[in-house]
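Here is a short report on helix packing and sheet architecture. Please read it alongside the structure shown below.

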Amino acid sequence: MPVRGVIFDMGGTLLHYNAPDATWEETENTGARPVYALLRDAGYSLPPEDEALARAWRHALSLWNSIATASVEDLKLGRQIRLMAALWGIADLPDDLVERAGLAYIGAIRAHVYPLEGAADTLAALRQRGLRVGLLSNTYWPGRYHLDDLERFGLLPYLEHLVFSGDVEAWKPGREAFALSLDALGLAPDEAVYVGDSLYFDVWGAQQAGLRAVWIEQRHRWMPDGLEATPDATIQSLAQLVTVVEQWR
């Protein structure tokens, strides 16, 4: 079937949530560090900061590596703050501190958000061609914060429907997450293209749900053991996407 719509991943695809040249670990530390300071200033006894950040990073890495089988109850910002605090020896964090810590974590990372080159122009070009355009993002942050980021960089007006996994409790690479976007945009799977930077969550997941998948090429090609994914197309920049989609129309 001819392509009628394009659905985008967000982090690493439309917006960078890592500061330039920062590693994923450094970005997680950026968020965890103010949480640590908040709890320390609240009088809690904590492990040394370097050790605490290392524990938080190992937890974050484990979470994302096992997200396909994780409990949806764990995939919420408040729950992750409580788990981080537990790693630091705090068994029962009051609700008000959980909320403040979550805002501190989000705020520190959001300070470094910036759009990928060509993001707005690419979205505009797709909409000008009459294509349906949506977004499906794996995130345990409340979606309203991501809406603010997309609005801040002029991307939100081009996106007809947005799905944030933590809000709807449906996660890539699961088919249900892709179905939510397809249904909202009125697209059959074979009429849609999914664009993302992860071979597993974005390429493999989209293809399992019946969509074509475009991979924004990365140096790291992580896939779970035993799985393989071959993108329907590979691009090095968003500027190349319109040409690919035109060929499929």
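## Helix pair

Helices α3 and α4 are roughly perpendicular to each other (angles of 65 to 115 degrees count as such). The axes of α3 (residues 77-87) and α4 (residues 95-110) come within 9 Å and cross at roughly 100°. Axes are lines fitted to C-alpha atoms, for helices over the stretch in contact; angles run from 0 to 180 degrees between N-to-C directions. Helices (H or I, at least four residues) and strands (E, at least two) are DSSP runs, numbered from the N terminus.

On the α3 side, Leu 77, Gly 78, Ile 81, Arg 82 and Met 84 make the contact (heavy atoms within 4.5 Å). From α4 come Asp 95, Val 98, Ala 101, Gly 102, Tyr 105 and Ile 106. These residues divide into seven nonpolar, two polar and two charged. Gly counts as polar; Asp and Arg count as charged.

## Model basis

The model is predicted: local features need pLDDT of at least 70, side-chain atom pairs pLDDT 80 or more, while totals for chains, interfaces and linings use all residues. Numbering starts from 1 along each chain as its sequence is written, and side-chain values use heavy atoms, without hydrogens and water.

## Sheet

Six strands form an open sheet with parallel pairing, in the order β5-β4-β1-β6-β7-β8. Pairing needs at least two DSSP bridges between two strands. Strands β5 (161-164) and β8 (233-235) are the edges, each pairing on one side only. The twist averages 20° from one strand to the next.

Strand β4 (residues 132-137) pairs with β5 in the parallel sense over four bridges. Gly 134 has His 161 of β5 as its bridge partner. Helix α8 (residues 175-185) packs on the sheet, touching β1 (5-8), β4, β5 and β6 (192-196). The direction of α8 makes about 155° with that of β4.

Conventions
Parallel < 35°, antiparallel > 145°, perpendicular 65-115°, else oblique.
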